[in-house]
Amino acid sequence: MDLPPTPELRALLARTEVFGHLKANQLDALLAEMAWLWLPGGAPLYVRGEAAAALYLLKSGSLGAFVPRRNGQLRLLGVFPAGSTLGEIGLISGEPHTHSVRALRDSEVLCLSRAGFEKLTAQHPLAMLGAARVAVAHLLGGARRKPTSPPRTFAILPFDAGIDVGGFARGLQRQLRAWGGCTLIDSELGCHHDTDWFAAREAEARFVLYVDDGDATWQRLCRRQADVLLLLVDAGRPASAWPYHLGEANYPGTPARGSAGEYTHHRPRHLILHHPSGQFVYGAAHAWRTTLDHGEGYSHHWRHAADIARIARLLAGHSTALVLSGGGARGFAQIGVIQALRETGIKIDTVVGTSIGAIIGAGIAYEWDDQKMREAYRRALVDGKPLGDRTLPLVALTRGGRTTRLLREAFGEIDIEDLPIGFACISADLTLGTTAVHRTGLLWRWLRASGAVPGILPPLLHGRHVYVDGGVINNLPTDILTDEIHAQVIAVDISADDPLSAGVDEAASPPLVTRWLQRHQHLRPSAFATLVRAGMVNSEIGSVQRRKLANLLLRPDMQRIGLFDWHEFDRAIEIGYRCTRDALRGEASSTQQEP
């Protein structure tokens, strides 16, 4: 459909970076070459690997960009909001699309074909050269038009009438208003309106909440208008199948390009478990996720207003993620880090950790207060002597039984999904030779895997796979957050320069433990130090790049605390606390000095 040059459309084009420099007559010529396209929710705009054939401008609705994961599922890169331009780089460069784009909900798109672009270039060469320069600047600057905008519209879908959907919706609305207007539309307000009315409401507010409190027709409309589905369930009731199908059907007239899986509609789904009366129901998250085949979808716990505030920060892209590294006894510094962050009022919404960082991070995600963290970790990691069960080193220097027992005593038999704050820990899967990211399953099991330093602790064997310390591959896992949108990523790197040195030249150790050897043992690195250094040296190369992914990088000075100096518990905490406090004061000071 050809487009008339209306003031509304001219204003839309003028707001874009690509066409904002054009004059009124040039904008009219551009509109004359553009076509209008309506995409129902779930329909594709273009497919990854397909030749770029047009430039697109999103008039209304929202589009999602996807790439396939290794397991065949699709990963959402981000959301293109209304007013975004797509495809300009491919149109100029001739390169195929690097990701697939589809409508997350009913959307209107304006299309400029390659032939239309070339025609406009012949008529207005200087004007269109400016558009080309913008696209090339994106390409040369490395900005491959990867969207990072958080979603704007949410469908709140209760499992049944027994859930206080109105209370949750109003609480979420209050929290989202901190970052712009938030409109709540229920069946009474939204019924009997056309798509233009909904588009106008979405243009007026930063966020829109569609609340399913009506009949099946209204519920379907809520789903069609939403970028994200929020699934509310009662954690206290047995998990069961969702009362209706959550996916969308295939759309007639859609070109049969790519595989069938490529066009399966994939909007983010957040499972929200309501815990009645604030009584936490352990195991409910795993049961509901399994029953609903939630896969890699997000899940949250709703007990009180603070939980709704956290959910709002995560949905709006205003959350804070904390990444904790491995480093043996130096990890106690991270207890001081979280104490300083809490005193400053910084709220942590997601925690990721490797090795000792995973163990400390689990306590943060469990919402342990400062006193609980000190008591629990002193008991488990200092008084408990987790590496004290030495054995004949057929597999490792220790049996690992004491470490496993202490982790189970500290955290119990809960699942990772039971932690009130989102949590992930990292291990190295030696069977596949890859980083393993654990977001589900028994917490103690994956903490045990994440800290299994090769040669010191035996590997964790599970499901025919062999798992060892995550620091072998990734000791500062900021990169696993690149799929998510966080306003701030705080990373704590407790690594220190630990070069091994020797005071003797030898190719073989003395055959017997002699008095001379005992007196001169300091000339040789210990077996523990050698194994730890050998396991960590590989990941240090990647840590240089991963540090750059953090908005705030904290590097406490741990040079004087060794990897196995468990007795330095209090001193390490104090170092982490002072480092964080000083860093936050420095940030506040620099912010105040900015003009």
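**Figure 1. Burial of helix α16 in the predicted model.** In this predicted model, 7 of the 8 residues of α16 are buried, so the helix is largely enclosed by the rest of the structure. The buried residues of α16 are L443, W444, W446, L447, R448, A449 and S450. Burial here means a relative accessible area under 20%.

**Figure 2. Packing of α15 against α16.** Helix α15 spans residues 401–411 and helix α16 residues 443–450. The axes of α15 and α16 lie 9 Å apart and form an angle of about 140 degrees, which makes α15 oblique to α16. The two helices, α15 and α16, cross in a right-handed sense. On the α15 side the contact is made by T403, T404, L407, R408 and F411, and on the α16 side by L443, W444, L447 and R448. By class, the residues in the contact of α15 with α16 are 5 nonpolar, 2 polar and 2 charged. The α16 residues L443, W444, L447 and R448 are among those buried in that helix.

**Figure 3. Packing of α2 against α4.** Helix α4 covers residues 114–123 and packs on α2 at an angle of about 155 degrees, with the axes 9 Å apart. At that angle α2 is roughly antiparallel to α4, the limit for this description being over 145 degrees. The crossing of α2 with α4 is right-handed. A29, L30 and E33 of α2 make the contact with G116, K119 and L120 of α4. The residues of the contact of α2 with α4 comprise 3 nonpolar, 1 polar and 2 charged.

**Figure 4. Packing of α12 against α13.** Helix α12 (residues 333–344) and helix α13 (residues 356–365) have axes 10 Å apart, at an angle of about 35 degrees. The crossing in which α12 passes α13 is right-handed. From α12, residues Q334, I335, I338 and R342 meet I356, G357, I360 and I364 of α13. The contact of α12 with α13 is made up of 5 nonpolar, 2 polar and 1 charged residues.

**Figure 5. Salt bridge between D28 and R10.** The whole structure contains 25 salt bridges. In one of them, the side chains of D28 and R10 meet with an N to O distance of 2.6 Å. D28 belongs to helix α2 (residues 24–33) and R10 to helix α1 (residues 7–14), so the pair ties together parts that are 18 residues apart in sequence. D28 counts as partly exposed because its relative accessibility is 24%. R10, at 26% relative accessibility, likewise counts as partly exposed.

**Figure 6. Salt bridge between R439 and E484.** The side chains of R439 and E484 form a salt bridge with an N to O distance of 3.4 Å. R439 sits in the loop between β18 (434–438) and α16, and E484 in the loop between β20 (465–469) and β21 (488–492); the pair links distant parts of the chain, 45 residues apart. R439 has a relative accessibility of 35% and therefore counts as partly exposed. E484 has a relative accessible area of 18% and is therefore buried.

Figure 7. R547 and D493 are joined through their side chains in a salt bridge of 2.6 Å, N to O. R547 is in helix α19 (residues 539–547) and D493 in the loop between β21 and α17 (515–519), so that this link between distant parts of the chain spans 54 residues. R547 counts as buried at 19% relative accessibility. D493 is also buried, with a relative accessible area of 2%.

Figure 8. G90 lies in helix α3, which comprises residues 88–93. With a relative accessible area of 12%, G90 is buried. The C-alpha atoms of G90 and A51 are 7.8 Å apart in space, while the two residues are 39 residues apart in sequence. Apart from neighbours within four places in sequence, G90 is in contact with A52, E95 and R114.

Conventions: Residues are numbered from 1 along each chain as its sequence is written. This is a predicted model: local features need pLDDT of at least 70, side-chain atom pairs count only at pLDDT 80 or more; totals for chains, interfaces and linings use all residues. Side-chain values use heavy atoms; hydrogens and water are left out. Axes are lines fitted to C-alpha atoms, for helices over the stretch in contact, and angles run from 0 to 180 degrees between N-to-C directions. Helices (H or I, at least four residues) and strands (E, at least two) are DSSP runs, numbered from the N terminus. Angles under 35 degrees count as roughly parallel, over 145 as roughly antiparallel, 65 to 115 as roughly perpendicular and the rest as oblique. A crossing is left-handed if the near helix is turned anticlockwise from the far one by less than a right angle, and right-handed if clockwise. Contact means heavy atoms within 4.5 Å. Ala, Val, Leu, Ile, Met, Phe, Trp, Tyr, Cys and Pro count as nonpolar, Asp, Glu, Lys and Arg as charged, and the others, Gly among them, as polar. A salt bridge is a side-chain nitrogen of Lys or Arg within 4 Å of a carboxyl oxygen of Asp or Glu. Buried means under 20% relative accessible area, exposed over 50%, partly exposed in between (1.4 Å probe, protein chains only).
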